[in-house]
Amino acid sequence: MSRRREAPEIVQQRIYEFICRHLEEFGFAPSLREIGEGAQIKSTSTVHNHLKSMSEDGLIHYRQGKRRAISLVDIPDEPPAADELLYDSDLRTCDIPLIGTITAGIPILAEENYETSYRLPEAFLGTMRETYPHFILRVRGDSMIDAGILDGDLVLIESSPYADEGDIIAALIGNEATVKRYGSEAGLPYLFPENESYDPIPFFDEDCRILGRVRSLFRIDF
């Protein structure tokens, strides 16, 4: 089985983490070549395209044609207290729920399913955050390791009942949420793991539905 291309959001998360580490260690931004080596990207033009997209999304400042002209967008160290407004346009952050156990009959974003919440930069959510609410799921298992998604990772999901073939999605099968790549076999929808040890999962029964698309990934060390 050939390895599928990583989702842009996951590649960009790896680039962002490498830039942060480089700035902390050396005090200046890495070059395109260094980012490529650090984030496992062969082409500097691909690195450039990702940096341009990240800049347009407000994650970084990137001046094209300038050597090492990359800087991070400032996010306040002290977020508002938990009892303040969920979203504060001045701070450009908002609280996103981590969904725990999913109960039959209760909508995915109902408070009964909330385990905790994380305060994230507005730029991670895009311009349609009010139309398509976001939530976070914790990944369990190693079925998506070839897409760079590891056991214990947190994935940011943009709610949507629809997906395109090739999208990495959060899906519900019965009462169990899972993260897989959406596709088809013989004209029928399937969920595809990114690990050769696992088989595709049929996704055409009545208890199957799409919860949303994976938009970003977070890896937190405790």
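Mentor: A nonpolar core is a set of buried Ala, Val, Leu, Ile, Met, Phe, Trp, Tyr and Cys residues joined through side-chain atoms within 4.5 Å, where buried means under 20% relative accessible area with a 1.4 Å probe, protein chains only. The model is predicted, so local features need pLDDT of at least 70 and side-chain atom pairs count only at pLDDT 80 or more, while totals for chains, interfaces and linings use all residues. Residues are numbered from 1 along each chain as its sequence is written, and side-chain values use heavy atoms, leaving out hydrogens and water.

Trainee: How many residues does the largest nonpolar core have?

Mentor: Those with the most contacts inside this core are F135, L137, I149, V155, I157, I168 and V179. The elements giving two or more residues to the core are β6 (134-138), β7 (154-159), β8 (168-173) and β12 (208-218); strands are DSSP runs of E, at least two residues, numbered from the N terminus. The largest nonpolar core has 19 residues.

Trainee: How many residues are in the second, separate core?

Mentor: Its members include Y16, I41, L51 and Y62. This second core comes to 16 residues.

Trainee: Is Q13 buried or exposed?

Mentor: Q13 is found in helix α1 (residues 8-26), helices being DSSP runs of H or I, at least four residues. Its relative accessible area is 9%, and the limit for buried is under 20%, so Q13 is buried.

Trainee: What percentage of the residues of the protein count as buried?

Mentor: The protein has 222 residues, and its secondary structure comprises three helices and twelve strands. The share of residues that count as buried is 43%.

Key: Buried < 20%, exposed > 50% of the residue type's maximum accessible area, 1.4 Å probe, protein only.
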